[in-house]
Amino acid sequence: MSSTRTLVSPAVLARPRGRAIYWTVFTGVVLLFALAFLFPVYWMVTGAMKSPDEVARTPPDLLPDRWSTSGWTDAWELMQLPTHLWNTVVQAAGAWLFQLVFCTAAAYALSRLRPAFGTVVLGGILATLMVPAQALVVPKYLVVADLPLIHTSLLNDPLAIWLPAVANAFNLYLLKRFFDQLPRDVLEAAEIDGAGRLRTLWSIVLPMSRPVLGVVSIFALVAVWQDFLWPLMVFSDTDKQPISVALVQLSQNIQLTVLIAAMVIASIPMVALFLVFQRHIIAGIGAGSTKG
Amino acid sequence: MTKTAARPAAPAPAVRPVKAPSPSGDRRRRRLADQAHAYGFLLGGLVCFALFSWYPAIRAVVIAFQKYTPGSPPEWVGTANFSRVLSDPEFGAAWRNTLTFTLLALLIGFAVPFVLALVLNELRHAKAFFRIVVYLPVMIPPVVSALLWKWFYDPGTGLANEALRFLHLPTSHWSNGADTALVSLVIVATWANMGGTVLIYLAALQSIPGELYEAAELDGANLLQRIRHVTVPQTRFVILMLMLLQIIATMQVFTEPFVITGGGPESSTVTVLYLIYKYAFLYNDFGGACALSVMLLALLGLFSAVYLRLTRSSEEAA
């Protein structure tokens, strides 16, 4: 029980009538949440374990007659899920690594190394926050299809995910703001001890920045895993497609139970990530929003 | 920090060349080396921003006035792309659908999470459970949510009509009916995205000082009056920001109509972004796609400017 005062005073809640209302509302909310948020997920998981006849039966059964795992194995093989899952992992991991290296380095430079025209560069980066990303996908696609100067196409190459991921003003700004707040004397002490800039970044700044690096990592991974329109555009080659694109492309001509099983499999990594880091993620959302 | 940093490498002071390295020349070399280091660290990020953010924005405006086919030199066509796009019967439908979608998403996606957060903030048990459950749909990939609801909306065996039958209500066409499709998609988007909004509202509610409620109560304010005169004014800023962010996000809706309805039935769920996609990848008309992008960009840029204005003024006030 927290002691902070909210809308309803603790005195009211302590009275029998207040307590009765509280528990009624509490039960109502639990039921509502179970029905609205958990039941659809439950329906998906059990739907994947029903037989094709049963999943089409009306009225539907709450529990499968016979728990079948053939949907899962069929999805794994027929839809080539290992390939698509692996593609997604490669795309997400690469985007994460590229962002960590290049965004961290750039944020460190902007925060500590006083580059000439630093404010102009920072302004240009922050201005991209004003430009809605999705509205620019077509020209961005044209750039990726034919890179200026070197005239190379990145289509059907994971680099088409990795490099644009670096241009993430939000993550870069998060990092820069964190670096700005690091104690000055520690960094100066490192400099006096003769540590170079790379050395300072690697052994002083990064170890002190674990919280913000964690947040940026989660944002980077989730963004790639959840994205759909951009990979749909750049991966026309079926063997290169991530799971989100493959699911939609294959959903037309595949048995429903198999598709549902594939949907469950596609959701597991992100849901698992969330359950493991839920405390940090939930705290991060709240803190990030109220503190600007 | 950065304000003092923006000092361009000053031209060397006019000193007479001397053989021994003068102190000022030394400093100059040091400063140049510092700049080289700084830009070395910046380089990777800068190249990516230039290629994938700044250049495409310029490119969109340029191609909007060109006939552009990949592989052959572009031709300037003036405003032909704009007039072609404007005369497309789907143009009006796409904007109407996008604005209706945004408005509906705002009505549902704004009121429901606020009330939920208000109630959740009063509950003293199972706090972690509620937060996890409400955020769970956000972590499910949007494509999976869309496919899941497409299955629920199936007119024959879908869960949505089963629930209506169970309650002895008339069944609906849901995403398969021209007049119900858009609302059906708004329900999906709200279900999938509400968690984040609820958590942000919750954080805002928790920052309201308890004394305000106590004072209001002493003044004889009842529950609704306390909501109206304490809760709403105290969270007004967060509400406004989330509304703007949501407008910007929902105006770019694509996944739900693409996966669930394919823009149909009868163009009733074609959105602006979907139309951009169609121009580029079905009609191979990149000029038209960029003309549409520029229009969307101009409108959303306006909302973004308001948003930045608001955050800036709040930071100054803080």
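**Entry 1: A:L182.** I located A:L182 in the loop between α9 (169–180) and α10 (184–192) of chain A; helices here are DSSP runs of H or I with at least four residues, numbered from the N terminus. The model is a predicted one, in which local features need pLDDT of at least 70, side-chain atom pairs count only at pLDDT 80 or more, and totals for chains, interfaces and linings use all residues. Residues are numbered from 1 along each chain as its sequence is written, and chains are lettered from A and ligands numbered from 1 in the order in which they are written.

Beyond its neighbours within four places in sequence, A:L182 is in contact with A:L187, A:V205 and A:M208, contact being C-beta atoms, placed from the backbone, within 7 Å. For A:V205, 23 residues from A:L182 along the chain, I noted a C-alpha separation of 7.9 Å.

**Entry 2: a helix pair in chain A.** I next examined helix α5 (residues 81–112) and helix α12 (residues 210–226) of chain A, which pack at an angle of about 145° with axes 9 Å apart. The axes are lines fitted to C-alpha atoms over the stretch in contact, and angles run from 0 to 180 degrees between N-to-C directions. On the α5(A) side I listed A:T88, A:Q91, A:A92, A:A95, A:W96, A:Q99 and A:L100, which meet A:V216, A:S217, A:A220, A:L221, A:V224 and A:W225 of α12(A). This contact comprises nine nonpolar residues, four polar and no charged; Ala, Val, Leu, Ile, Met, Phe, Trp, Tyr, Cys and Pro count as nonpolar, Asp, Glu, Lys and Arg as charged, and the others, Gly among them, as polar.

**Entry 3: chain A against chain B.** I found 84 residues of chain A in contact with 94 residues of chain B. Helix α15 (residues 256–290) of chain A supplies the largest share of the chain A side, 12 residues. That side divides into 58 nonpolar, 20 polar and six charged residues.

I then looked up B:I276, which, leaving aside neighbours within four places in sequence, is in contact with A:V138, B:A289, B:L292 and B:S293.

**Entry 4: domains of chain B.** The domain assignment gives domain 1 (22–63) and domain 2 (82–317) of chain B, with bounds from an automatic or database assignment. I recorded 39 Å between their centres, taken over C-alpha atoms.

Note on methods. Two residues are in contact if their C-beta atoms, placed from the backbone, lie within 7 Å. Helices (H or I, at least four residues) and strands (E, at least two) are DSSP runs, numbered from the N terminus.
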